[in-house]
Amino acid sequence: MSEIIKIPIEQLEVGMVVVKFDKGGFAYSYYGKPFPDAMLKQFLLRNGVQFAFVKRESVEREEPPVDTSPEAGRVLMNEYLESLEGTKKKVIASAAADVVATAPTIRELSQAMVVHTKAKQVAEKILLDAKMGKVMDTEAAKDVVAELVDHCIKSPEAFVNMTRLKDFDNYTFTHSVNVAVLAIAIGRRLGSSAQEMNNMGFAGLMHDIGKMHVPENILNKPGKLTEEEYQIMKMHPVYGHEYLRTNSKGVSEEILLAVRHHHEKSDGSGYPDGIFEKDIPKFAKIISIADVYDAITSERTYHKGLVPSDALKIIFSWSGKHFNDSLVKFFISIMGIYPVGTLVMLNTNELGVILEPNKNDPMRPKVLVISNAAMEPAPPSFFDLSSYNVTTQMPYKSIVSALDPRDFSIDPNRVIEQYIRSKNP
């Protein structure tokens, strides 16, 4: 794991990775990237910078094939906003009209954790039953999905907060719940009926049930699959479709098709049937985005989870190729450019963890500030980045960049839960 050290600005050399300076208030384009030019030292000195905080002994890990710099995030946001023209902009504005721009209450956040835990327990039983060839408890699945939908309708801000919850040791069950949560959230923003949201959630909960019929040595293989193993893995949507069709009661055709086609891609390069955008069912398109997002942000034995903001950049980069373009825009509008649980550096030199996206201004979410300006740990305190000085009309605090919490030995989930406990002893 990388160590962050403080050095005098005179010792800053080309190639060092800077995460912050001891002074803010100026534009610097290379946070998290190698320092590019010794001439920049003069610029930094002129701006009163005396010290730099740099990474030392960084652990190399595979990076996504897209630019994950702060500038790329701003470009993504600009492209996203510019794309919301005409009817698309009106539709999203209408879908967002019922969103109240207030932080979720502690009670709502606590309830969300309880509902998520219950859903994970149900998912575990259902998936293990499927592994043993038992008939599925369809009613239990429908009941817990209905509870998720009810929570989404009543507490949308707290509901999206559920997506931060991960479980390394029980990935399969947690992943199934998170995909259901994300699918329901997308359905709500699309203006779907409660019944449609229930069906989307059910499809999300069941989307990987076919993996229960894939050999464990393939399912949990830490290295790259062989071509033969990959062909077996690619059959899991078919296995899931067939299992639900024959071992469950009252499951609609649209749910069955969502399970079968959730790995299809808009450009026809997906599986198992290689169909194109126009032939992929709506529910499958929604489940596909939710599935990939939760998978690439989760820690596995063979994969280090991406920080949420980097994962969104990948989702956006695949828009129109792997995913439906309009649905990706809806998804980003739900998650925000800085999703819940993202660690960020503020222009005040403080560290913060995103608690809730801002639907009206994605660059100014609500955060938990967890350090002072010297980067010394502090108890989580709530701050709304959309607040501003009425005299100067300038925001009190702004985000400089997203950071990888592993570089700071910070667990954003633990931060959020510490805050919840402190307000609800």
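## An enclosed helix

In helix H14, the buried residues are Pro 308, Ser 309, Asp 310, Ala 311, Leu 312, Lys 313, Ile 314, Ile 315 and Phe 316. The model is a predicted one. H14 spans residues 308-317. Nine of its ten residues are buried, so the rest of the structure largely encloses this helix.

The buried set includes Asp 310 and Lys 313. Both count as charged. Ser 309 is also among the buried residues of H14, and it falls in the polar class.

## Helix H8 against helix H12

Helix H8 covers residues 194-206. Its axis and that of H12 come within 9 Å. The two cross at roughly 35 degrees, and the crossing of H8 past H12 is right-handed.

Which residues meet where H8 and H12 are in contact? H8 supplies Asn 199, Phe 202, Ala 203 and Met 206. H12 supplies Glu 254, Ile 255, Ala 258 and Val 259. By class, this contact has six nonpolar residues, one polar and one charged.

An α-helix has 3.6 residues a turn, so residues three or four places apart point the same way.

## Cavities

How many cavities of 30 Å³ or more does a search of the whole structure find? It finds three. H6 gives the most, with four. The lining of the largest cavity has seven nonpolar residues, four charged and no polar.

The second largest cavity holds about 60 Å³. Its lining is made of His 261, Glu 264, Ser 266, Glu 277, Ile 280, Ala 284, Lys 285, Ser 288, His 322, Phe 323 and Asn 324. Helix H13 gives the most to this lining, with three residues. The classes here are five polar, three nonpolar and three charged.

## Backbone exceptions

Most residues other than glycine have a negative phi, and most peptide bonds are trans. The peptide bond from Tyr 271 to Pro 272 is cis, with omega near 10 degrees. Pro 272 sits in the loop between helix H12 (253-261) and helix H13 (282-296).

Two residues other than glycine have a positive phi. For Met 375, phi is near 65 degrees. Met 375 lies in the loop that runs between strand E6 (366-371) and strand E7 (377-384). Ser 409 has a phi of about 55 degrees. Ser 409 is placed in the loop between strand E10 (399-403) and helix H16 (412-423).

Are Met 375 and Ser 409 buried or exposed? Met 375 has a relative accessible area of 16%. The cut-off for buried is under 20%, so Met 375 counts as buried. Ser 409 has 61% relative accessibility. Exposed means over 50%, so Ser 409 counts as exposed.

Key
Residues numbered from 1 in each chain as written. Predicted model: local features only at pLDDT ≥ 70, side-chain atom pairs only at ≥ 80, totals over all residues. Heavy atoms only, no water. Buried < 20%, exposed > 50% of the residue type's maximum accessible area, 1.4 Å probe, protein only. 1 Å grid on protein atoms, 1.4 Å probe; cavity = no way out; pocket = protein on both sides within 12 Å on 5 of 7 lines; lining within 4 Å. Points joined across faces, edges and corners; volume = space filled by probe spheres on them. Axes fitted to C-alpha atoms, helices over the stretch in contact; angles between N-to-C directions. Left-handed = near helix turned anticlockwise from the far one by under 90°. Contact = heavy atoms within 4.5 Å.
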